[in-house]
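Visitor: I'm new here and I'd like someone to walk me through this one. Could you show me what we're looking at?

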Amino acid sequence: MKNKVLILLVILASVTLLYGCKKQDTLLIWVGDESQEFYQGIMDEYVTAYNEANDEDFPYLVSVKGVDTGSAAATFLEDTDAGADIFTVAHDNLGKLITGSSSIAPITDPDLLAQIAADNPATFADVIKGSVGGTEYTFGVPYIAQALVLYYNKEFITEQQVLTWEGILAAAATANKQALSLTGTDGFNNSFLLLAKNATTQATSLRLYADGDINENYATGDDVLSVLKWGQRFFTNPNGAKRPTDSGWTVEIQNEISIAVIGGAWHFNAAQAALGSNLGVTKLPTFTVTSQDVYGSTPAGTEFQSGTFADAKMFVMKKGSDKAAYLQDIMMHLSSKEIQEQSFTEANNLPSYKNAKDEFDSMTGDSVEIQLAVAQLEMFERGIPQPFGADTRFNFYYYSKGAPDLIMEILENKNDLFDTDAAILAQMLIVEAIWKTGVRPTT
Amino acid sequence: MSSKNVQQNQSIISRILVSILTFFKNIGLGIYKWIIKIGVGLKNSTVHFATRFRDSSTLTKVSHFIMGFGNMARKQIVKGLLYFVIEVGFLTFMIMSPVVNDTPMGFRAIKNFITLGTVEGDIFTPTDNSMLMLLFGVVTTGIIFMFLAAYSSNIKSSCLADELQKKGKKLPTFKEDLAELMDAKFHLTMLTPAIIGIVIFTILPTVFMILIAFTNFDAQHPAGQVLFDWVGLENFRNIFSGSGEISVRFLPVLSWTMIWAFFATFSNYIAGILLALLINKKQIKLKKLWRTVFIMTIAIPQFISLLAVRNILSEYGPVNNLLMTIGLIDSPISFLATAANVWTARITIIVINLWVGIPYTMLMTSGILMNVPQDLYEAATIDGASKRQALMNITVPYIVFVTTPYLITSFVGNITSFNIIYLLTGGAPIVPGGYKAGSTDLLVTWLYKLTIDENEYNLGSVIAIMTFIITATGTLLTYRKSKAYKDEEAFQ
C-alpha cells in the first residue's frame, strides 16, 4: 500500500513539474536570412518596452527566423498551420496567398493603414492590395524595396562609359571581353529591355496586367519592338550580352570573361566576392536606338532608360492566427521609418520608405553599400512594381509558361529566324497570348 | 539486303510484336481472372461468415456484436478485454470524429472523402481543406480495414474457443497465448511491426498519391484556400489530347527516359564486365590495387562527384580551358545545360554516368568471376575449346544469368534516376515553346518540377502512375523472358 501511494505521489509530482515547465506559446516571424539577427534584436526590445509600458509580460515568446523570402510564400502554403504568424514575401506573391478565401489576413488597424499610405511610394499602393470575394483589402506592409542595378568591373569601364550601354560595349570591345553576363534567362533578366522607358518622357507603351486585368497585356508597341531590335543587336554583337553558361555569372565576371552583370541586392555579396575593390555599382544605363533598330513611329536617336521591376518586400500575417490581437502593432513597429533606417544601417536592407534618400542620414557616403542603395533608389523611381499580386495566374503565366524563352529567342536570333520586323512582331504576339492565357497559341 | 535477310528481319519483328501483344493479352486475361477470383472470394467469404454465425455457439454469436464477449465469458478476461477496448475505441473514433487542423476524422472523414469539402470560406473564415479531407479519408479507410482484421481475429478466437470446449480441451490463458507468440507464432510477432510500418509509410501515402491523380489539385486550387474536386480520368485523358504541356511533352520525355535507361544500364553493365574481366586476367598485376582504385569512386557521395564534374565541364572550366590552350577549339564548348545540340548534353550525361555506375558492376562481376566453377573451364579445355569460346559459352552466360535480376533493377533504377539529371543539367537544354520539361528531363525530374515548382500535384501524380506502369510492365516482360526465370535449373 505504501509503495502504491509513493508511486502515485511521484506521478503527480512529475505531472505538476511538466505542467509548470510547459513551453510558452511562440509568436513566429519570418524575415530574410541576412536580417534575422537584426530583427530578433528589434523584437527583444519591443517585448521589453511592452512589458514596461503595460506592467505585464508579453504573453508570447517572440521568435524571429531567417528564411529564403523568395520561397516563403510557397513554404507557408505547404503547411499554413505550421507557418509563421508574420512573414515576409515579395509583393508579387500576393496573388497565390489570397487565392480563394485567402491564407493571409487583411490589415484592418487604421493607424497601420495610415502609416502605410504615408510612408510608401504611390506605386506600392495597388500592389499591396488584393480582392477576395469581390472586396478589396490591404494585405501587405512594405518595409524593403528592391530594384535591379548594374554591377561592373571598374578596371575596364570608366564612370563616363558606364552611363550608356554603348559606352560599356565600347569598353568591352577595347578589352576583348563580353559587355554583359545575364544571371538567368527568366523574365526578371529581360526586364532591362522589356520595361525600358523613353528617357525623356519616362513613357512606355508596354502594359502588363494593367488594372489587375488578365487581358490588359500589350507588348507590341512601336517603342517596345524598337527596343527589342536594339537588344537583338546587343546580344548578337561579338562583345555584347551573353546568356548564362554552366559556369555561372560569378565565374564569368571573376575571370573577366564579362565586365558587367545586371542583378539585385541579393547578388551583391557574390559580386563583391568576385570583383573585390574593382566592384562598381550604378543604375542601369541608357541606350539609343538607331535607324537599324527603329520600328514604326519610333524615331531614330530616341534614348531609352533600361527598365526594372521595382519590388517591395512586405510583412503579411497569417489568417486565423491566435495571436492576431498583437500582429498589426508589431508590423507597424517593424515597418516604421526609424526601424527601416536602422535596418539599412545594420542589415543593408534598402528601405521602402519613400523619402529615404533625402531624409536618412545614413544614405550619404561613398561606400559600395551606399552606392548599391542609391542605385536601387534611382532605379526604383524608374521601375514598375511587378503587377502579379492581383491573381495567382499572372506570376505563373509571366514567368513559367515560356514567354521569357520566346523573348530570348528574339534577342539571340539564332539561324536569323528573327531578322525581320514581321517575325519579331509575330513572336511578341505569341508572348502576349501566353501572358493572357498561359498557353502558346497553336496557330 | 537479300530477300532472305529481309524475311529473317520481318520474322524477328513479327515475333517481337506477337510477343508484346501476347504479353498484354495475358495481362488482360490475368486481370479478368483476378476480378473473377475476387468476386468468387467475396461470395465464398460471405457464405462462410453466415454459415459460421449460424453454426456457432450463443457466446460466439454475441461476440459478433460485442467483441471479446466470447473470450471474457470463457474466463479469457485479458484477451476479451483487449478486443472489447478495440471495438470501443474504434466506435468512439468513428462516432466522435476527432478534429485535427479543423478537419474531422472518423465517420465524417468518409463523408468528406466523397465530397472533398463543401464550405467555401471568405476572408475571415477558412475554406474546407480538400487535401486534408482526402488524406483523412484514406487514413480512416485504413483504420476501418485494420479494425476489420481485429474483428475477424475476434470471431476466429471465439470460434476456436467453441471447438476447444466441444472437444473438452483446456482453453489457453493469456500468458500461454503470449508464450505462443514468442514461439510457434513468432513469425507473426516479427511481421506485425513491419506490416504496420509498410501500411503507414508506404501503402497509405501511395494510395493518397494515386487518388490525387483523379482530382484537380493544382496551383489554382491551393489546399485550404480553394476547394478541389474529383475529375475522374480527365488528367489521364489530357496526356493524349489537348495542347497543354503534359500532352505535348509526355511522349518525348518518355522516349528519352527509355533511351537513357537503356544506354545508362547497358553501358555500365558492359563496361563494368569488361573492366572486371580485364582486371581478372592472369597477366594483370596488383589486382587488389586496381579494384580498390575503382571502388574508391563509390566512397565519394554521388552528388559531390556530379557537381564537381559539372564544374569541370562548364564553359569556363578546366576541360574547356585545356582544349582552348592546346588549340583544339577556338571557343568553349557547352556540354551540358547550355549545349547547342540536345544530343551533346544527352551523350555527355550518359558518359558521366559511367563514372558513377561502372564500379558497382565491376565489383559484382569480379565476385561472380571468382565463383564460376573451374571444372567447366577444364572440361572445355579438354574438349578443345579456345579461350574465346570458353568466354562466350561459359563465362558470359554465367555472368548474364546471375546478373539478370540486377540488370532489371538497374534498368528500373535508371528510369527513376533523379540525381544525375537534376544536378548535371536540371533538365536543360530547354525546349523552345516554354515547356517545363527540358530536353534531358526524365519522367521523375519532370514530376519533381511539376509538383515542387509549379504545384501541379495532380499532373505529377499522373506521371508517377504512368512511370510505375511502364517500369512494372518492362520489368515483368523482361524477367519472364529471361533465362534466369525460364531456365533456372540449368545453372544449379
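Guide: Let's begin with Tyr209(A), which counts as buried because 24 C-beta neighbours lie inside 10 Å.

Visitor: What makes Tyr209(A) count as buried?

Guide: A residue is buried if 20 or more other C-beta atoms lie within 10 Å of its own, exposed if 12 or fewer, and partly exposed in between, with C-beta atoms placed from the backbone. Tyr209(A) has 24, so buried is the word. This is a predicted model: local features need pLDDT of at least 70, side-chain atom pairs count only at pLDDT 80 or more, and totals for chains, interfaces and linings use all residues. Residues are numbered from 1 along each chain as its sequence is written, while chains are lettered from A and ligands numbered from 1 in the order in which they are written.

Visitor: Where does Tyr209(A) lie, and what is its phi?

Guide: Look in the loop between strand 10 and helix 9 of chain A; helices (H or I, at least four residues) and strands (E, at least two) are DSSP runs, numbered from the N terminus. Phi of Tyr209(A) is near 45°, a positive value in a residue other than glycine.

Visitor: Is Ser97(B) buried or partly exposed?

Guide: Ser97(B) has 19 other C-beta atoms within 10 Å, so it is partly exposed. Its phi is positive too, near 50°, and its place is the loop between helix 4 (77–96) and strand 1 (99–100) of chain B.

Visitor: How is chain B divided?

Guide: There is domain 1 (56–232) and domain 2 (240–491), with bounds that come from an automatic or database domain assignment. The C-alpha centres of these two domains of chain B lie 43 Å apart. Where they touch, 9 residues of domain 1 are in contact with 9 residues of domain 2; contact means C-beta atoms, placed from the backbone, within 7 Å.

Visitor: What makes strand 1 of chain A mostly covered?

Guide: Strand 1 (residues 26–32) has 5 of its 7 residues buried. Strand 1 runs parallel to strand 2 (residues 61–67) of chain A, joined to it by 7 bridges; two strands pair if DSSP finds at least two bridges between them.

Visitor: Why do strand 10 and strand 14 of chain A stand at the edges?

Guide: They belong to an open sheet of 3 strands, in the order 10-15-14, with antiparallel pairing. Strand 10 (197–198) and strand 14 (286–288) each have a single partner strand, so one side of each is left without a neighbour in the sheet. Strand 14 pairs with strand 15 (residues 303–305) over 3 bridges.

Visitor: Why does Pro432(B) count as partly exposed?

Guide: Pro432(B) has 13 C-beta neighbours inside 10 Å, so it falls in the in-between class. Pro432(B) is found in the loop between helix 17 (419–424) and helix 18 (443–453) of chain B. Leaving aside its neighbours within four places in sequence, Pro432(B) is in contact with Asp405(A) and Glu409(A). Pro429(B) is found in the loop between helix 17 and helix 18 as well, and the peptide bond from Ala428(B) to Pro429(B) is cis, with omega near 5°.

Visitor: How many residues does the contact take from each chain?

Guide: The contact takes 29 residues from chain B and 34 residues from chain A.

Conventions
Contact = placed C-beta atoms within 7 Å.
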